[in-house]
Amino acid sequence: MTTHSELRLLPWSGPEGKPCYLSTDDSGGHLSRLADHTEAVQLGMAAELLEHASEVFHDAEPEELRLLATRLTGALRATLRVAASRGHRLATHDLAARDGDDEGPQLPASAFG
């Protein structure tokens, strides 16, 4: 059976808002690639929203500020989920490195947004 540290937290929620996890050794599989792409889109949207917020923050009307705060909250939630997912995967790679793997963690360039 796969332990929790070997599961990948996916960047979307399941039924009733519960977290979804993927158990696989194939980081190039269909669901892994879909999760990588979704994470990249979420991080890109968060960066664009942050830039937009910086531009309109001082001159925004109260209703626009509430909408902006709502969107920023959602973007931060998605970003934290990506960070948690990647952090768990780094921890798994670090354990492998301590068990005699001299190369250390290997991440694809897409892991950095």
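This report describes the nonpolar core and the salt bridges of a predicted model.

## Nonpolar core

The largest nonpolar core consists of six residues, namely Ala46, Leu49, Ala53, Val56, Leu68 and Ala75. Helix 1 (30–56) and helix 2 (62–98) each contribute at least two residues to this core, and helix 1 provides the largest share, with four residues.

Within this group, Val56 touches Leu68 and also Glu64, when residues up to four places away in sequence are not counted. In soluble globular proteins, nonpolar side chains tend to be buried together.

Across the whole structure, five salt bridges are found.

## Salt bridges between sequence neighbours

In helix 2, Glu63 and Arg66 are separated by about one helical turn because they are three residues apart, and they form a salt bridge in which the closest N and O atoms are 3.0 Å apart. Glu63 has a relative accessibility of 52% and therefore counts as exposed.

The side chains of Lys18 and Glu16 likewise meet in a salt bridge, with an N to O distance of 3.8 Å. Lys18, at 49% relative accessibility, counts as partly exposed, whereas Glu16, at 73%, counts as exposed.

Terms used:
Residues are numbered from 1 along each chain as its sequence is written. This is a predicted model: local features need pLDDT of at least 70, side-chain atom pairs count only at pLDDT 80 or more; totals for chains, interfaces and linings use all residues. Side-chain values use heavy atoms; hydrogens and water are left out. A nonpolar core is a set of buried Ala, Val, Leu, Ile, Met, Phe, Trp, Tyr and Cys residues joined through side-chain atoms within 4.5 Å. Buried means under 20% relative accessible area, exposed over 50%, partly exposed in between (1.4 Å probe, protein chains only). Contact means heavy atoms within 4.5 Å. A salt bridge is a side-chain nitrogen of Lys or Arg within 4 Å of a carboxyl oxygen of Asp or Glu.
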